[in-house]
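Subject: Model for you to look at

Hi,

Here is the model I promised to pass on. Please open it first, then read my notes below.

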Amino acid sequence: IVFCAVIYDSTNRHQNFGDVPPLFTRFYYHEQRGLDTEYLYLPQEDYSSCGAIEFCSINKVADGWEITPLSIGHENAESLINKYV
């Protein structure tokens, strides 16, 4: 599972993630034991030329999940989608 964020029609609207500080993602993971874990991801890169960002991925491992920060910027949603098509 890859978590991404996209600015709608960023190319035509001349917008990028440099226009929307502070940039961060937060999500919760509920473990079977009933514990909630909060993950806050604050990218350090400059995304002032990006209209889409891959924040992180979650992969199934033997007895749980592994979260991997990605921090991959894309010019727009189309270039992000083309990566996976």
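Start with Asn76, which is found in the loop between β5 and α2. Helices (H or I, at least four residues) and strands (E, at least two) are DSSP runs, numbered from the N terminus. Asn76 is buried, at a relative accessible area of 15%. Buried means under 20% relative accessible area, exposed over 50% and partly exposed in between, with a 1.4 Å probe and protein chains only. The side chain of Asn76 makes a polar contact of 3.4 Å with that of Thr11. Such a contact is a pair of N or O atoms within 3.5 Å; within protein, one must be able to donate a hydrogen and the other to accept it, and residues adjacent in sequence count only if both atoms are side-chain atoms. Setting aside residues up to four places away in sequence, Asn76 touches Ser10, Thr11, Gly51 and Ala52. Contact here means heavy atoms within 4.5 Å.

A word on the basis. This is a predicted model, so local features need pLDDT of at least 70 and side-chain atom pairs count only at pLDDT 80 or more, while totals for chains, interfaces and linings use all residues. Residues are numbered from 1 along each chain as its sequence is written, and side-chain values use heavy atoms, with hydrogens and water left out.

Now the overall layout. The protein chain has 2 helices and 5 strands. From the N terminus, the order is β-α-β-β-β-β-α. Of its 85 residues, 28% count as buried. Among contacts with a separation of 6 or more, 53% come from residues 24 or more positions apart.

Next, the sheet. Three strands form an open sheet in the order β1-β4-β5, with antiparallel pairing. Strands β1 (2–6) and β5 (64–74) stand at the edges with a single partner strand each, so one side of each has no neighbour in the sheet. On average, neighbouring strands are turned by 15° against each other, direction ignored. Two strands pair if DSSP finds at least two bridges between them. Between β1 and β4 (residues 52–61) there are 5 bridges. Val6 stands opposite Ala52 in β4. Helix α2 (residues 77–84) lies across β1, β4 and β5, at about 30° to β4. Axes are lines fitted to C-alpha atoms, for helices over the stretch in contact, and angles run from 0 to 180 degrees between N-to-C directions.

Beyond four places in sequence, the contacts of Cys56 include Phe3, Phe27 and Pro69. Ser57 is also found in β4. Ser57 is buried at 9% relative accessible area. Glu66 and Thr68 are among the residues that Ser57 touches, not counting those up to four places away in sequence.

Last, the core. The largest nonpolar core has 7 residues: Ile7, Phe17, Leu23, Tyr47, Cys50, Ile53 and Phe55. A nonpolar core is a set of buried Ala, Val, Leu, Ile, Met, Phe, Trp, Tyr and Cys residues joined through side-chain atoms within 4.5 Å. Leaving out residues up to four places away in sequence, Tyr47 touches partners including Phe17, Leu23 and Ile53, as well as Ser71 and Gly73.

Best wishes
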